[in-house]
Amino acid sequence: MSKDAVDTAKAASRTDAARTPADAGDAGYSKDLKARHVNMIAIGGAIGTGLFLGAGGRLHNAGPALAIAYLVCGVFAFFVVRALGELVLYRPSSGSFVSYAREFLGEKGAYVAGWMYFLNWSTTGIADITAIALYTHYWSFFTDIPQWVLALIALAVVLAVNLISVKIFGEMEFWFAIVKVATLVSFMLVGIFLLATHHDVGGQKPGLSVITDHGGLLPHGIMPVVLVMQGVIFAYAALELVGVAAGETAEPEKVVPRAVNSIMWRVGLFYVGSVVLLALLLPGSVYSADESPFVTVLSKIGVQGAGDVMNLVVLTAAMSSLNSGLYSTGRILRSMAMAGSAPRFTAKMNRNQVPYGGILLTCAVCVLGVGLNYLMPSQAFEIVLNVASLGIISTWVIIMVCHLVFVRRAKEGLVSRPSFRLPGSPVTEIVTIAFLLAVLGLMGNDPEVGRKTLLLIPVIAALLVGGWFAIRHRVSKTTDQELSELTK
């Protein structure tokens, strides 16, 4: 609903408020996601190809200080999810931050939040199916199959899973997360054993000397560490899925705080811990963007089949990301469609209570990605990755702005804050927003990728403005209908 509609709704009785969903887009969902599903969705959102594959190239460019970059970005990522968690406990919604943007920033805010999130996940979906095709080509059995065919097959499989039911989605994410966590824990145990026993790794003894003898924490200076921040932020993308999933769980007040609070130690253990181990085992110059850093280490100690195992894991991570993207955009688009800011068909649900219209729209964009894989197979991944990063940063900024307005209204006595809160408000939100905007600005220091990405901002802004003028009358009409129903 719009801001005015929400204010009007407050005049209704408590009984009526309990019967009426705060967001029309929340009606009709099942509550089939269990605590274990939401917890694993939180883990799965925090662990993906950004670590399993991307950490290699970043270690090569930034050196051991990459661990500090992961820690700093991880702290701000936690602030974002903690703020979202507080909003979820205030009012669980499958529309998540788009629904909160509608309440606290108005329809224009919800419109921008929703379509930037759609831009993020639809382009990430293209990156995912591209990655899946590339990973599959690792095995000789699939080498002769065109990259675009493999991308299309992957998209079809994940689409089928998403359309069946939310419970199937939850189970798929649960097992995807199990695979990723088990792999990381196994590697960390191996790495700790190598350190403790001073076992030879690639012709040298692991330990602090690996760092001190090869340029220290910053072998290439501070700027490479700054430039990798964009990629590190992308690695943490999908943490906000906890907010979307909360709309389809029976006890969000119990599940969400536990899932959100666990994110911080998971970030510290899995991301920072893994990168520290990698830096202590081999010099950063040994790692590369073309190979998982975990495969690099395992191959140096003669582990047979390490490449096959890790390739299967990164393939799983990419499938998990694609699965999550279709799930979340389906719910977000339905929330927008009910307010008139997305195509009407994206509000449709099937008999399994799945918003198939929004999922199919995201798939349609991903099919364009299949075409991109056909036309530009070597450049497809890099092109869409940079577009997605703009969507991620804007989504996180909007979450923090919504929380700022929420806290201000709580101080005015208009809403009540739950006991589960973001600490340090409003300083925490302001510092987080400043950090995210600084990461965006610093992308200009990267002439090859960053500057080209920033040039997309005015293009996207123009498209958003044009789109708003095209649908604003429909949004206004929908809002008027909601107001008339609430005041009957």
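Two cavities of 30 Å³ or more are present in the structure; a cavity is a set of points on a 1 Å grid over the protein atoms alone where a 1.4 Å probe fits but cannot get out. The model is predicted: local features need pLDDT of at least 70, side-chain atom pairs count only at pLDDT 80 or more, and totals for chains, interfaces and linings use all residues. Residues are numbered from 1 along each chain as its sequence is written, and side-chain values use heavy atoms, without hydrogens and water.

The second largest cavity has a volume of about 60 Å³. Its lining (residues with an atom within 4 Å of a point) includes Val226, Gln230, Met443 and Asp446. Each of the helices tabulated here supplies at least two residues of that lining.

| Helix 11 | 223-227 |
| Helix 12 | 229-235 |
| Helix 19 | 427-442 |

Leu227, one of the residues lining this cavity, also belongs to a nonpolar surface patch of about 570 Å², together with Ile68, Val72, Leu217, Leu218, Ile222 and Met223. Helix 6 (66-90) and helix 11 each give two or more residues to the patch. Ile222 lies in the loop between helix 10 (208-212) and helix 11, and counts as exposed (over 50% relative accessible area) because its relative accessibility is 53%.

Helix 16 (residues 306-339) has 34 residues, which at 1.5 Å a residue should span 50 Å, in agreement with the 50 Å between its end C-alpha atoms. Of these residues, 30 are buried (under 20% relative accessible area), so helix 16 is largely enclosed by the rest of the structure. Gly340, with a positive phi near 95°, follows helix 16.

Key: Helices (H or I, at least four residues) and strands (E, at least two) are DSSP runs, numbered from the N terminus. The expected span of a helix is 1.5 Å times one less than its number of residues. Buried means under 20% relative accessible area, exposed over 50%, partly exposed in between (1.4 Å probe, protein chains only). Patches are made of residues with over 30% relative accessible area and no salt bridge: like charges are joined within 9 Å, nonpolar side chains (Val, Leu, Ile, Met, Phe, Trp, Tyr) within 5 Å. Accessible areas come from the Shrake-Rupley method with a 1.4 Å probe; for residues, only the protein chains shown count as cover. A salt bridge is a side-chain nitrogen of Lys or Arg within 4 Å of a carboxyl oxygen of Asp or Glu. On a 1 Å grid over the protein atoms alone, a cavity is a set of points where a 1.4 Å probe fits but cannot get out, and a pocket is an open set with protein on both sides within 12 Å along at least five of seven lines; lining residues have an atom within 4 Å of a point. Grid points are joined across faces, edges and corners, and a volume is the space filled by probe spheres set on the points.
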